[in-house]
Every structure is written in C-alpha cells, then in structure tokens.
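Work through the exercises below with the model open. Try each task before reading its solution.

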Amino acid sequence: MSFDVVGTLIDFETAIIDGLSDIASKAGIEVDGEEVLVAYREARLLPGAVRCPDDLGRCYSVMAARFGLPDTAELQDSMIEAVAEAKPFPDSVEALRRLAGKYKLVAMTNARRWGFDRYEKKLGSPFWASFTCDETGTEKPDPRFFHHMLDFVASDGGAIGDVIHTAQSQYHDIGISRSLGMTNVWIERRFDRSGFGGTFVPEQLTRPDYHYRSMRELAQAVENAF
C-alpha cells in the first residue's frame, strides 16, 4: 500500500496556518486560515518554486506581501521549520500501525528527504520503502515518480496490480494513479470544508476505487475485509 505523506498523513495545512498566524499575531495583524492556504497555494504556482519544505521561505515572502507582514530571512526560515515540524493527523500513527500488519507500506512524497525523515519519525517509522523528490528527481503527479516506485516493487516480485495507492490530493495522486491503472484510495481530509485548501485544484475530480474521510476509516475497512 503506497501513501502520499504531506496532506494525507501529515497535517501540513495546520502547520502553515499556525506558522503564519503566529508571525501575524506578533505583528498585530489578524489572518484567516483558509485565506492563508489559498495564498500558499497561489505562491506555490508562481515561477521560481523549489522543493518542499525549502520552498516555504519563498512562499512566505509572497504571503507576507499579501497580508502586510514583515519579511526577513529569519521569518522565512521560521516558516520552513514550521512545516518541517508539521504533526501527523490524530489518526495517522495508529492507522499505519494497523495497516502494516496487512501490507508492506511505501511512502511517496514531494517533500525532500530531510523533511520526510522528520515526518517518518513522527509517524512511527512504519514504511517498508520510501521515495522522495530527491530520489525520483521529479514531483507527483509526474508519472515518472510513480514508475520509480513501481519499478522498485517489481524488483521485489510485485506488480502494479498488487499496489493500492492512498492519498488526499486529487491533483497530485488520485487522478494520475487512475490513469496509470492503479487501484486507489481517496482520503478526503477536507470532507467538512469547501475548496481545496493548500492543495492544487484538479481539472476534474476522479472517482476513486475507495473513498474514506480518514485513515482510521481505511484501517477499519481493511480489517473488516480481512
């Protein structure tokens, strides 16, 4: 079972909101959390973007100008650190532990290896294998990222039909995994909120093979099936 990490297992949206809100509070400025996420998403789409979490420094400069916040190298670094220290969703660690009893777990993240190493520790180090943008040289939804993982699975005697890909992002994961012929699971973390938050907006929604609102629901469904 392969997993997107940031957004599916790690709550990066809360980390971005809290990080920027803390800076704004000290500057005497009030910001809306959903507006912060939209500003972040738009900043990520601008030219000059680099890999995450490193790109949060550049993104902060863009967001600071939008919200009238001070912009210094120190504050840029604080946003990088805030996202690098993002916490797991409350159900992630236990759900991964339960799923690891049934599947080999594979992490697939657009984060850099140094950021993923921090996330993995918080998640209880449950992964059999992991792939970051540093190893693949690209980011999802680039099919090459998925083929990099699938080639590794093939070297272990597995095939694409043996893999279930699990993710929150329709843009980065669900659409491309469908086009590649993979079985997929959509964890709709924002089921109770409108919009796409800090995640890029897909051209269209892809109907997944399985659809849950949390990792807890997925783990329970797997146990029921077994």
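The exercises cover a helix, cysteines, a loop and backbone geometry.

This is a predicted model: local features need pLDDT of at least 70, side-chain atom pairs count only at pLDDT 80 or more, and totals for chains, interfaces and linings use all residues. Residues are numbered from 1 along each chain as its sequence is written, and side-chain values use heavy atoms, leaving out hydrogens and water.

**Exercise 1.** Check the length of helix H1 and find what its buried residues pack against.

Solution. 
- Helices are DSSP runs of H or I of at least four residues, strands are E runs of at least two, and both are numbered from the N terminus.
- H1 covers residues 12-26, which is 15 residues.
- The expected span is 1.5 Å times one less than the number of residues, so H1 should span 21 Å. Its end C-alpha atoms are 22 Å apart, which agrees.
- Buried means under 20% relative accessible area, exposed over 50%, partly exposed in between (1.4 Å probe, protein chains only).
- The buried set in H1 is Phe12, Glu13, Ala15, Ile16, Gly19, Leu20, Ile23 and Ala24.
- An α-helix has 3.6 residues a turn, so residues three or four places apart point the same way.
- These buried residues pack against H2 (33-44), H3 (56-67) and H4 (73-84), where contact means heavy atoms within 4.5 Å.
- Just after H1, glycine 28 has a positive phi of about 75°.

**Exercise 2.** Determine how many disulfides the structure holds.

Solution. 
- The criterion is a pair of cysteine sulfur atoms within 2.5 Å.
- The whole-structure search finds 0.
- For cysteine 52, the closest cysteine sulfur is in cysteine 59, 6.4 Å away, so it is too far for a bond.
- Cysteine 133 is in no disulfide either; its nearest cysteine sulfur, in cysteine 52, lies 8.2 Å away.
- Cysteine 52 is buried at 14% relative accessibility, and cysteine 133 is buried at 3%.

**Exercise 3.** Is threonine 199 buried or exposed, and which residues does it contact?

Solution. 
- Threonine 199 sits in the loop between E5 and E6.
- Its relative accessible area is 6%, so threonine 199 is buried.
- Beyond neighbours within four places in sequence, threonine 199 contacts Phe12, Glu13, Arg41, Gln168, Ser169 and His172.
- Valine 201 lies in the loop between E5 (183-187) and E6 (210-212). Valine 201 is partly exposed, at 43%.
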